[in-house]
Amino acid sequence: MSVSTSLPLKRNNLWAFWALIAFSILFANAPVISWFLAPITQFTTMVHEMGHALVCMATGGYVNGLTIVSDGQGHGGLTNCMGGNPFLYAQAGYLGTAVFGSFLIWLCQFPRAAKSCLCVMGGAFAMATLALVGANVLHTGFQGFFSFVWGLAMSAFLVWAGIKWKPAAANFLMLFLAVQTALNSVTSLLYLAQFSMGLSPGGGWSDATNMQMMTGIPAACWAIFWALSSIAMVGFTIWRVYGFRKNA
């Protein structure tokens with residue numbers, strides 16, 4: 001791509017990127033806005049739980065239950081893994097979210113591919129919903145039922161947007177999802193680090209406490225390590241995508 005076309009696209013996406021970051025930070029907890037962003041919470045939770053599930057299966061295990069709605073005990077979603085390598089799949093939720101958010105930021109350079117990317121994401125979410133959520137919905141009760149509904153609704157919307165929306169609108173949706181996923185990968189880990197260090201109220205187990213049980217390394221250390229890794233991945237991606245200026 002020549003400089004005359006790539007630089008305006010990068011500048012426009014960069015302005016939109018930081019505008020969405022500011023919007024998310026300033027208004028995410030506003031009463032009306034938080035309701036509007038509720039589906040995004042399920043989107044990022046699905047990404048997180050699919051990270052666990054994919055690494056579990058890739059290391060020889062299997063998933064006998066996956067949810068993406070709160071269980072009322074501080075967990076936004078749960079993935080029940082059997083077998084596999086728990087050292088790897090326990091870390092794949094938070095780090096996988098950072099990787100996926102960074103990947104979406106990178107993909108937003110290519111607006112013509114946005115429609116196809118949305119359809120692919122929708123198809124992947126549909127398969128995960130049917131295979132990992134729906135197949136075990138009887139074992140997860142109402143949490144599993146609502147996870148199944150959310151999963152299919154997100155899948156249908158992504159495929160519909162990929163088919164019906166214009167490339168510019170599809171690319172903006174991709175950028176919005178990229179911002180939310182990347183931001184979630186950092187902020188959720190900062191909260192987890194505070195909980196792990198006793199600086200904020202929070203109880204129960206988490207991915208970090210699972211790692212503490214396996215390794216003896218304090219949960220706070222894992223949370224901080226994941227947070228720094230996420231910041232590094234997202235920061236490098238932003239710099240790599242928007243910071244370089246290619247020669248003509």
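The legends below accompany close-up views of a predicted model.

Residues are numbered from 1 along each chain as its sequence is written. In this predicted model, local features need pLDDT of at least 70 and side-chain atom pairs count only at pLDDT 80 or more, whereas totals for chains, interfaces and linings use all residues, and side-chain values rest on heavy atoms, with hydrogens and water left out.

**View 1. The overall fold has ten helices and two strands.** Helices (H or I, at least four residues) and strands (E, at least two) are DSSP runs numbered from the N terminus, and along the sequence they follow the pattern α-α-α-β-β-α-α-α-α-α-α-α. Of the 248 residues, 44% are buried, where buried means under 20% relative accessible area, exposed over 50% and partly exposed in between, with a 1.4 Å probe and protein chains only. Among the contacts (heavy atoms within 4.5 Å) with a separation of 6 or more, 75% join residues 24 or more positions apart.

**View 2. The largest nonpolar core has 46 residues.** Such a core is a set of buried Ala, Val, Leu, Ile, Met, Phe, Trp, Tyr and Cys residues joined through side-chain atoms within 4.5 Å, and the residues with the most contacts inside this one are Phe43, Ile105, Leu118, Met121, Phe125, Met174 and Leu177. Helix H1 (3–27), strand E1 (62–67) and helix H6 (114–133) are among the elements that each supply at least two residues, while H8 gives the most, with ten residues. Leaving aside neighbours within four places in sequence, Leu177 is in contact with Ile40, Phe43, Leu104, Leu118, Met121 and Leu158. A second, separate core of 13 residues includes Ala90, Leu189, Ala193 and Ala223.

**View 3. Two tilted ring pairs, Phe43 with Phe100 and Phe236 with Trp239, are shown from the 13 aromatic pairs found in the whole structure.** Rings of Phe, Tyr and Trp (its six-membered ring) pair if their centres lie within 6.5 Å, and planes under 30 degrees apart count as stacked, over 60 as edge-to-face and the rest as tilted. Phe43 and Phe100 lie 6.5 Å apart centre to centre, with 45 degrees between the planes, and the pair links distant parts of the chain, with Phe43 in helix H3 (residues 38–58) and Phe100 in helix H5 (residues 92–107), 57 residues apart. Phe43 is buried at a relative accessible area of 3%, whereas Phe100 is partly exposed at 22%. For Phe236 and Trp239 the values are 5.8 Å centre to centre and 50 degrees between the planes; these two residues are three apart in helix H10 (residues 219–243) and so are separated by about one helical turn. Phe236 is partly exposed, at 49% relative accessibility.

**View 4. Phe87, Tyr94, Trp222, Phe225 and Trp226 are linked by ring pairs into a cluster.**

**View 5. Helix H9 (residues 207–215) has Asp207, Ala208 and Met211 as its buried residues.** These residues cover an arc of only 100 degrees around the axis and therefore lie on the same side of H9, the arc being that of the directions from the helix axis to the C-beta atoms. After H9 comes Gly216, whose phi is positive, near 85 degrees.

**View 6. Confidence in the protein is lowest in H1, at a mean of 64, and highest in helix H4 (residues 86–89), at 95.** These values are pLDDT, the predictor's confidence in each residue from 0 to 100, and the protein has a mean of 83, with 83% of its residues reaching 70 or more. Over residues 1–5 pLDDT stays under 50, and the model has five contacts for them beyond four places in sequence. Where pLDDT is low, the predicted coordinates should not be read in detail.
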